[in-house]
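I opened the model to look up a few packing details. My notes follow, entry by entry.

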Amino acid sequence: MAAACMTRVREWNRIRRFGLTGLRRYSHGSSNTSIPLTSPLPGVPKPIFATVDGQEKFETKVTTLKNGLRVASQNKFGQFCTVGILINSGSRHEAKYLSGISHFLEKLAFSSTAQFGSKDEILLTLEKHGGICDCQTSRDTTMYAVSADAKGLDTVVSLLADVVLQPRLSEEEIDMTRMAVRFELEDLNMRPDPEPLLTEMIHAAAYRENTVGLPRFCSVENIDKINQKVLHTYLQNYYTPSRMVLAGVGIEHEQLLECAERYLLCASPVWGTGRPKDVDRSVSQYTGGIVKIEKDMSDVSMGPTPIPELTHLMIGLESCSFLEEDFIPFAVLNMMMGGGGSFSAGGPGKGMFTRLYLNVLNRHHWMYNATSYHHSYEDTGLLCIHASADPRQVREMVEIITREFTHMAGVVGEVELERAKTQLKSMLMMNLESRPVIFEDVGRQVLATGARKLPNELCSLIDLVTPEDIARVATKMLRNKPAVAALGDLSELPDYEHIQAALSSRDGRLPRTYRLFR
C-alpha cells in the first residue's frame, strides 16, 4: 500500500515537472528514449485527420424526367437507404370530391397490387432486404416510403411504382379500410389527448370550408360512399408524374435515376392515362372564426386513475407560408413561445425558459397545458397556442393566452431571442441526424420548390433574425381575425367578439362583463 502511494506521488511530481503532455518511454532495440506526448512516434506514419469546411459534401441532386416526375437524392454513408414517392395530394384537394379520400388511400397503401397478391407478399419481399414501409397523408402531401438495404434499391423502386400506380383496391380491402376508419374516428373522440381533434377544429375555424380547412379525417356519412370508382377518379387527377417526387437518401443519384427511368418513366397507371380534368388549384382563404364542441370531459380516463375534467382551447392567427422570407422569424417566434404540459420534466433544452413556461405555467398553477404550434403550408400558415384548465377558470385562461399573443409584438429580450434561435438550430440539426427525416425534408422541399435548402443555409437565416423581425411579424399577425377552437365544458367561454377585442387591445385584456346572477 505504501509502495503504491509513493509511486503515485512520484507520478504527480513528474507531471508537475514536465506538464500535462508528460513524457512517454519509447523502446527501440536496446535503447530507451523519452519522447514528449506532443511528438509523433518514430517509424509510425503521420495520421490524416478529417476536416470540416462547414459545407455539406453531399448536396441534394435533382433531375426531372421527360414525363415531369422529379428525382431527388441525398447521399449518406450507411448500409441502409430510405426511398419514397411524395405526391402533391391531400385533404386540401378534396373540395370537388367526397371528403375522406386521402384518409382511405393512407389505409389502403401497400395492399395488393398488379405485381403482389397481398400486403403479406409486399412485407415478405421487403423483409429479404431488411425493409419496412409506411404511408402518411397530410393536408397537402401524400408520402409512400420504404427503408431497406441499399443493395435492394431496384426491388424497392419497383415495389413503390407498383404500390402507387397499380393498386388493386379490391372490395374486400375497401371493406377492411372502412372498419379501420370507423375505429380511428371512435378513438379520436375517446382519447384523453385532444390535440389531434383540436388541430382539426382550429383549421376548420381558420379556413372555413376551403383548402387546408377541409377535414383531414373521413366523416362517418362518407365512409360507405367511398368505393373503387370514386378513388380511381381522384387518383387519375392527382396521381400524375408532374405532381410526384421520387426521393432517396443513402443512395447514388445515378442509381436512383436509372431505377426511376425503368419503373416510373413509361409506367401506365391502373386508372388509365387520360388528362386530369378536376384539379383543384385553389389558394387558401383565411377566414378566422370559432368552432366549439360541448363535451363532457369528466370521465375520459381509460384506466382506474381519474383524469381531471378540463376544458381545452386553441387560439390561432394567420402567419405565412414556408415559401416566404418571414417563415424563419415565425419559426423562431414559435420556439420562443415554446411551452408544454405542467408536469413536463426537463431542463433548458426542454423549453423550460420559454415564455409559456415562465409567464404562464410557472405563475398559474391551475393551468395544465400551454403549448405553441406553428402549421405552415405552401400558401398560408397558422400560429396557435393550445391551453387547458378547469372549466371554472376558462375565462381567466383565455385572457392569459390573449395577453401572451399581444406581448409577442412587444419588447424581445436579446437573451431569450438567442436562446430560441439556438434551440431551433439544435432541433433542426438533431432531427436531420435521422435518415427518414432527411428523406422527408428532401422530398417536401423539392415537391414545393424544385430544390432544397441545406441545413447550414437554414442556420444562417436563423442567425439573421433580429428582435425587430419578431416584433414586425407579430404585429402583422395580430391584425388578423383570430381562429378559436374550444372543447369541453364551455359555459365560461367568452364570446368570440370579446376574444377578438382582447387580441386587438394593447394589453390583451378581455372586455369587462358584469352579471347580476351566477
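**Entry: E378.** I looked up E378 and found 32% relative accessibility, so E378 counts as partly exposed. My cut-offs are under 20% relative accessible area for buried, over 50% for exposed, and partly exposed in between, with a 1.4 Å probe and protein chains only. This is a predicted model, in which local features need pLDDT of at least 70, side-chain atom pairs count only at pLDDT 80 or more, and totals for chains, interfaces and linings use all residues. Residues are numbered from 1 along each chain as its sequence is written, and side-chain values use heavy atoms, with hydrogens and water left out.

E378 sits in the loop joining β12 (367-376) and β13 (381-389). Helices (H or I, at least four residues) and strands (E, at least two) are DSSP runs, numbered from the N terminus. Setting aside neighbours within four places in sequence, I find E378 in contact with R92, S321, F322 and L323. Contact here means heavy atoms within 4.5 Å.

**Entry: whole chain.** I count 16 helices and 14 strands in the protein chain. The chain has 518 residues, and 47% of them count as buried. Among contacts with a separation of 6 or more, 77% come from residues 24 or more positions apart.

**Entry: cores.** Which residues have the most contacts inside the largest nonpolar core? I find V83, F110, Y144, L231, Y239 and L246, in a core of 73 residues. A nonpolar core is a set of buried Ala, Val, Leu, Ile, Met, Phe, Trp, Tyr and Cys residues joined through side-chain atoms within 4.5 Å. Helix α4 (residues 153-165) gives the most to this core, nine residues. A second, separate core has 51 residues, A387, V394, I401 and V412 among them.

I then followed L246. Beyond four places in sequence, its contacts include V83, I85, V157 and L264.

**Entry: α9 and α15.** How do the axes of helix α9 (residues 327-337) and helix α15 (residues 467-477) cross? They come within 9 Å and cross at roughly 90 degrees. Axes are lines fitted to C-alpha atoms, for helices over the stretch in contact, and angles run from 0 to 180 degrees between N-to-C directions. The two helices are therefore roughly perpendicular; that label covers 65 to 115 degrees, with under 35 roughly parallel, over 145 roughly antiparallel and the rest oblique.

From α9, the contact uses P329, F330, V332, L333 and M336; from α15, D469, I470, V473, A474 and M477. I sort these residues into nine nonpolar, no polar and one charged. Ala, Val, Leu, Ile, Met, Phe, Trp, Tyr, Cys and Pro count as nonpolar, Asp, Glu, Lys and Arg as charged, and the others, Gly among them, as polar.

I zoomed in on A474 of α15. A474 is at 0% relative accessibility, so it counts as buried. Leaving out neighbours within four places, A474 is in contact with L333, M408 and A409. A474 and F330 are 144 residues apart in sequence, yet 8.1 Å apart C-alpha to C-alpha.

**Entry: α13.** Helix α13 (residues 435-449) has 15 residues. I, F and V positions I438, F439 and V442 are among its buried residues. The buried residues of α13 pack against β3 (61-64), β4 (70-74), β5 (80-87), β7 (142-149) and β8 (244-249). Just after α13, G450 has a positive phi of about 85 degrees.

Notes
Expected span 1.5 Å × (residues − 1).
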